[in-house]
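Welcome, and thank you for opening your viewer. Please load the model below, and we will walk through it one selection at a time.

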Amino acid sequence: MPLDADGLAEELAQRVLANAGLGDIIDAIGAALRADAAVTTTDGRERVPRLPEDRLADLTAGDLLDPTGRVRVERLDTEATVLAGGARVHRLPIATPSQPLGHLVLVVDRDLTPVETIALRRAGIAVALSISREQAVSAVENKYRGDFLRDVLLGRAGSEEFVREHVVGFGWELGGPSIVVVAQLDPQQPGEPPGTLDEQRLWQERFADAWRQVVGGVSRTVPVADFGSEVVTVLPADGSQPGSDVVMRLVRAVAGDKGGGRRPFSVGVGRVAGDVRGLPESYAQAYRAVAVGRRVRGGGTTTWFDELGLHRLIAMVPDDVELRAFAVDVLGELAGQGEEAAALRETLQVLLSTNFNVAEAARVQFFHYNTIRYRVTKLERLLGPITSDHNLRLDVAVALKVLEVVGG
């Protein structure tokens, strides 16, 4: 029977009205167009796994699938992209008037007829309706789940027994040893056009969706929630470095190959919580780890709280004002934010690392020996006898680490 584009559109609309899942909609499109169909997020992650292994192999051979399984939608034309084996890949952007929703991807071993092309566009409308409906329902559910998980992580959700019973209704498991993982989008780079509030909101929503999808591919029982400025995951812990392999696999999968509009992010990981009562402390550690890790190591890093060394002790002091006051008391004008103060702090750190070996410090900084000698003299004038007073040297070293945590 010839394909009826209007009939397919009507059938798909009825399926949406009957609350059919997105997977059923995709299956109906694939059957009607005699093709393999998939619906992805805006950055190319399949919303519901539907592409068979042989099609994934075709996309991989055509360099259209990154190692984490993301379809490189940014490399697909809206017209057919022809693969080496002859398969055609069609990409149809899916959107509402107010926001992009993703892509409908069709892989077929022949050219689409004009009627099939029309049917594909009509199918896209049904997909948009299905995603919009699911988003509306998920927004309410995710808000409720996120609020409850926030209460758990702030220690105000009630007894451990109540929490464990309550999360069962979400399909989550909380009870055994766990670690809290906090992920935050990195600030925009200098010179990058500032995103509008709507763009920033979409970035965060896309980021949270990516974490939900990737974590859901590992286990549907793992709690994941969007707190607005961060995405929080509570992972079961095991092994000598609890959850390290799992965390890094999740981070790599969410990051992908940075294509499709993905934005860089940083991650912090807290210590193991033996039970629900320990989760607030693990969350506080993870939150601190992501902030300190980004400040010390730069963006796009994953930092375990236990790996912060001296920074860990500093991070456990809750009063940043007191920390800053300590740094100013020890460093004086070197704690300032000017270029000269920053340059002197850099030289001071090198001198501390080389045990005040002037020749070695000059080599590391590519300065003339006399330049470093001059700076040592200036540092002693500002700080005191730092070359001979080991207690003063310790205070200065700690003060420099404090500035790395609270900002110079």
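Start by selecting Val181 in strand S5 (178-185) and Val269 in strand S8 (residues 265-269): Val181 stands opposite Val269. S5 and S8 run antiparallel and are joined by five bridges. Two strands count as paired if DSSP finds at least two bridges between them. Strands themselves are DSSP runs (E, at least two residues), and helices are runs of H or I with at least four residues, both numbered from the N terminus.

Before moving on, note that this is a predicted model, in which local features need pLDDT of at least 70 and side-chain atom pairs count only at pLDDT 80 or more, while totals for chains, interfaces and linings use all residues. Residues are numbered from 1 along each chain as its sequence is written, and side-chain values use heavy atoms, with hydrogens and water left out.

S5 and S7 pair in the antiparallel sense, over six bridges. Is S5 buried or exposed? Eight of its eight residues are buried, so S5 is largely enclosed by the rest of the structure. Here buried means under 20% relative accessible area, exposed means over 50%, and partly exposed lies in between (1.4 Å probe, protein chains only). Both faces are covered, with Ser178, Val180, Val182 and Gln184 on one side and Ile179, Val181, Ala183 and Leu185 on the other.

Now show the whole sheet. It is open, has five strands in the order S6-S7-S5-S8-S9, and its pairing is mixed. Strand S6 (224-226) and strand S9 (302-304) form the edges, each pairing on one side only. Direction ignored, neighbouring strands are turned by 20 degrees against each other on average. S8 and S9 pair in the parallel sense over three bridges; select Val267 to find its bridge partner in S9, Thr302.

Contact means heavy atoms within 4.5 Å. Axes are lines fitted to C-alpha atoms, for helices over the stretch in contact, and angles run from 0 to 180 degrees between N-to-C directions.

For a pair of helices, select H8 (residues 279-297) and H14 (residues 390-406), whose axes come within 7 Å and cross at roughly 110 degrees. H8 and H14 are therefore roughly perpendicular to each other, a label used for angles from 65 to 115 degrees. Arg288, Val292, Arg295 and Val296 in H8 meet Leu403, Glu404, Val405 and Val406 in H14.

Turn now to salt bridges, each a side-chain nitrogen of Lys or Arg within 4 Å of a carboxyl oxygen of Asp or Glu. How many are there by this rule? The count comes to 29. Select Arg88 and Asp111, whose closest N and O atoms are 2.9 Å apart. Arg88 lies in strand S3 (residues 88-95) and Asp111 in the loop between strand S4 (100-108) and helix H4 (114-153), so the pair ties together parts 23 residues apart in sequence. Asp111 is exposed, at 53% relative accessibility.

Another pair to select is Asp209 and Arg212, at 3.0 Å from N to O. These two residues are three apart in helix H6 (residues 197-218), separated by about one helical turn.

For a last stop, select Asp63, Asp66, Arg70, Arg72, Glu74, Arg75 and Asp257, which are linked in a network of salt bridges.

How values were computed. Angles under 35 degrees count as roughly parallel, over 145 as roughly antiparallel, 65 to 115 as roughly perpendicular and the rest as oblique.
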